[in-house]
Amino acid sequence: MTARGAAILVGVNGLKALQAIDPQLLDGLLAKATKLEGSDRYNMITGEHMEFMPMRNEMFQEKYGFHNALLGWSGADGWFSPIRQQVLQDGPPTFKDAVVFRARIPKPDFMPEQRTKWWVPPTGPNSADSLAVFIPLPGGDMVWQCHCPVAVMREKGLQYDPVVGEASSSHASNQQSSSSSSSSSSSSSSSAKERCLKAFESFPAVFREVVEATPEAAITEHGLYQRTPEQIPDGCWGAGNVTLVGDAAHAAYVDGTGLALSLEDAAVLGWHIQQQGLTAAALRAYEAERISRVKAVFGLTAKQAAAMKAGVPQRQLLDERAELLYGQAHFKPLQPVAAVAP
């Protein structure tokens, strides 16, 4: 079986949620995680090293009790949840006009153990330009990932249909199946590797050579989707004894925020069920608590995205984001479940 998956930076808020669910589970996760030192940023055109951005591990540890933890992660998400459509009938999340390519491969010798490598525009990351990253994983593997705006792909003669494309994407197992290849999220007959190399043909050789050496079956291509703040419903996102968690409830940007919010869901849902039993009342109480939190996080994300587009450096926005995500993340510990006699 070909290894697939992603690298996930689990935020402090997700670790706090896991601690409330099961401290031993948290300890096991942290034992397998990598503590990132930071990120090297390179000019995506010239390949020149621009800066090193250290992780603020010590500050986070002192202020919030944890620092972020990097994990390798595999699994399916709920971007196109059929349960959500039965309950809310509100359509799919918003296509963000970008395509993502990624693969999990053995870590090359030149790749450090505790640093990521980014190739970004000279002025810093923004939604209008492509970017690429190498992320080291615990255990000797690495994930490479790159984002390309649809407008840039079209300039290079590459088409992407977010409906037809997602039917063949690994992120759309619940969508209507397509006769196109699962390794290519496009109506084009070209492979995901060929499309990636074409989309990123102007990037430095060190990135393109890694893509070239990656087995075709390991490469995933899919559209980038998010729920906007306006797409988070008021009041509830379930009905009766049905509720939503994770990406089905709040598809987030692919930077680890979605996983951390999903762990928050689990902690809050578990607490309300322990208080009121597996009842509709417990589910509605969980939804009410989570909706206000998700709206706050997504609202800040949208505001900061607009600020970055206007030229505000990303580093100037980090403290505000950390305070909302980490400083305002509080969870009531769950009671251990009594062992069931055989």
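Modeller: A pocket is an open set of points on a 1 Å grid over the protein atoms alone, where a 1.4 Å probe fits, with protein on both sides within 12 Å along at least five of seven lines; lining residues have an atom within 4 Å of a point. The model is predicted, so local features need pLDDT of at least 70 and side-chain atom pairs pLDDT 80 or more, while totals for chains, interfaces and linings use all residues. Residues are numbered from 1 along each chain as its sequence is written, and side-chain values use heavy atoms, without hydrogens or water.

The second largest pocket has a volume of about 230 Å³, taken as the space filled by probe spheres set on the grid points, which are joined across faces, edges and corners. Its lining comprises 14 residues, and Thr123, Gly124, Val312, Pro313 and Gln314 are those nearest the centre. By class, five lining residues are nonpolar, five polar and four charged (Ala, Val, Leu, Ile, Met, Phe, Trp, Tyr, Cys and Pro count as nonpolar, Asp, Glu, Lys and Arg as charged, and the others, Gly among them, as polar). At least two lining residues come from strand 3 and at least two from helix 11 (280-309); such elements are DSSP runs numbered from the N terminus, helices being H or I of at least four residues and strands E of at least two.

Leu36 belongs to the loop between helix 2 (23-31) and strand 2, and is buried at a relative accessible area of 5%. Beyond residues up to four places away in sequence, Leu36 touches Leu9, Met55, Asn57, Leu70, Gln114, Arg115, Thr116 and Pro136, a contact being heavy atoms within 4.5 Å. Although Leu36 and Pro136 are 100 residues apart along the chain, 8.9 Å separates their C-alpha atoms.

Pro136 belongs to strand 7 (residues 131-136), whose six residues are all buried, so that this strand too is largely enclosed by the rest of the structure. One side carries Leu131, Val133 and Ile135 and the other Ala132, Phe134 and Pro136. Strand 7 runs antiparallel to strand 6, with three bridges between them, and Trp118 stands opposite Val133. On pairing with strand 8, strand 7 forms six bridges, again in the antiparallel sense; Val133 faces Gln145 there. The hairpin of strand 7 and strand 8 has four residues between the strands, and Gly139 in the turn has a positive phi of about 95°.

As to confidence, pLDDT is the predictor's confidence in each residue, from 0 to 100. The chain has a mean of 87, and 87% of its residues reach 70 or more. Helix 8 has the highest mean, 97, and helix 6 (residues 164-167) the lowest, 54. Over residues 167-187 the pLDDT is below 50, although this stretch has 47 contacts in the model beyond near neighbours in sequence. Where pLDDT is low, the predicted coordinates should not be read in detail.

Technical notes
Buried means under 20% relative accessible area, exposed over 50%, partly exposed in between (1.4 Å probe, protein chains only). Two strands pair if DSSP finds at least two bridges between them.
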